[in-house]
Amino acid sequence: MRKLAVVNMKGGVGKTTTAIHLAAGLAGRGARVLLIDADPQGNVGHTLGLRPERTFEDLMMGDAAFDSVAIRGVRQGLDVVASTPAAFALERRLAGETQRETILSRRLRNLRSEHGYDAVVVDCSPAMNLLTFNALLFAEEIVVPVGMDLMAVIGARQTLNGVAQVRELWPERRLELLAVLPTFVHSGNHATRATLDALTGDRDIGPRLLLPGIRQCIDLNYATASHQTVWEYAPKSRAAADYGKLVDFVEDSGASSGYATQERLAAPPFGASPAIATPAEVQTEV
Ligand SMILES: Nc1ncnc2c1ncn2[C@@H]1O[C@H](COP(=O)(O)OP(=O)(O)OP(=O)(O)O)[C@@H](O)[C@H]1O
Ligand SMILES: [Mg+2]
């Protein structure tokens with residue numbers, strides 16, 4: 001079972017959009033997927049038009065079993081644990097718990113054997129708070145979406161520092177940076193070029209940079225407003241194509257998708273040699 005967290009301390013970089021499309025995309029390819037909203041803003045539920053009775057907060061507090069919290073069949077193969085602002089209180093309510101950073105992974109211990117999921121995707125809030133640490137201690141792979149401005153690079157760096165802290169404190173746990181995903185990519189734009197250059201030059205981020213990334217695309221906003229994925233709302237849009245490639249990449253770890261990180265190209269996992277796009281080659285329609 002894949003366990004993926006979508007994380008960046010910076011707000012508004014496309015975490016929720018990415019988590020939803022990753023989860024829905026994998027489900028659309030036949031996987032059984034659970035999408036968990038670990039952000040009290042509750043944007044996964046808003047975007048998918050859900051009205052949860054039981055939420056992430058109940059699961060974390062132990063007030064409800066997984067079965068009564070999971071919303072089944074949100075899409076074919078896709079279940080969701082939604083969140084609401086009530087989860088803002090979790091930080092305080094869990095303050096006295098022992099090992100409070102591992103509550104989520106303990107609550108979801110038998111997910112694969114009892115529910116048969118192939119993948120779990122966790123959407124995180126824009127902060128390194130208790131809930132994000134719980135997500136990082138549940139997940140084994142992380143995806144870091146980064147918007148195209150230099151502040152977002154700082155956010156990504158801070159995020160990776162938080163991940164390094166988790167690795168240091170829990171060295172026995174597997175936690176890999178799967179990909180740093182450029183979002184809001186607009187190649188004609190100086191900010192995009194400068195940001196991609198800065199990301200490429202970063203020692204940790206550069207090798208995991210997933211190019212060409214997700215182009216800026218207004219259809220994502222319209223899709224959200226209509227409680228649909230972009231594949232449902234605008235299947236021929238740029239975002240539909242770009243998120244399709246992300247799902248390809250995650251599905252086959254880059255071996256034959258149009259996406260590739262520099263590192264995977266250096267050592268393709270299955271001997272394949274996928275095409276690469278350099279930052280300069282990133283194409284964007286306006
Ligand atoms: N590639 C894109 N092009 C245009 N708009 C986008 C793109 N990606 C996301 N958006 C829009 O940007 C807004 C913020 O995206 P999203 O909610 O996914 O960010 P976030 O990182 O989860 O934010 P937060 O940190 O508040 O949780 C949303 O309205 C979304 O529809
Ligand atoms: Mg979000």
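Helices (H or I, at least four residues) and strands (E, at least two) are DSSP runs, numbered from the N terminus.

In this contact, His-21, Leu-22, Gly-25 and Leu-26 of α1 meet Tyr-243, Gly-244, Leu-246, Val-247, Val-250 and Glu-251 of α13, where contact requires C-beta atoms, placed from the backbone, to lie within 7 Å. The residues of the contact of α1 with α13 comprise six nonpolar, three polar and one charged. Ala, Val, Leu, Ile, Met, Phe, Trp, Tyr, Cys and Pro count as nonpolar, Asp, Glu, Lys and Arg as charged, and the others, Gly among them, as polar.

## Basis of the model

This is a predicted model, in which local features need pLDDT of at least 70 and side-chain atom pairs count only at pLDDT 80 or more, while totals for chains, interfaces and linings use all residues. Residues are numbered from 1 along each chain as its sequence is written, and chains are lettered from A and ligands numbered from 1 in the order in which they are written.

## The shell around ligand 1

Ligand 1 has 20 residues around it, of which Gly-11, Lys-15, Thr-16, Thr-17 and Pro-126 come nearest; a residue is near a molecule if its C-beta atom, placed from the backbone, lies within 6 Å of it. At least two residues of this shell come from each of α1 (15-28) and α11 (219-225). By class, the shell holds seven nonpolar, eleven polar and two charged residues.

## The sheet

An open sheet of seven strands has the order β3-β4-β2-β5-β1-β6-β7, with mixed pairing; two strands pair if DSSP finds at least two bridges between them. Because β3 (71-75) and β7 (176-182) stand at the edges, each with a single partner strand, one side of each is left without a neighbour in the sheet.

Strands β1 (residues 2-6) and β5 (residues 119-124) run parallel and are joined by five bridges. Leu-4 has Val-121 in β5 as its bridge partner.

## Backbone exceptions

Most residues other than glycine have a negative phi, and most peptide bonds are trans. Leu-211 and Pro-212, however, are joined by a cis peptide bond with omega about 10 degrees. Phe-184 has a positive phi, near 55 degrees, and is found in the loop between β7 and α10.

Technical notes:
Contact = placed C-beta atoms within 7 Å.
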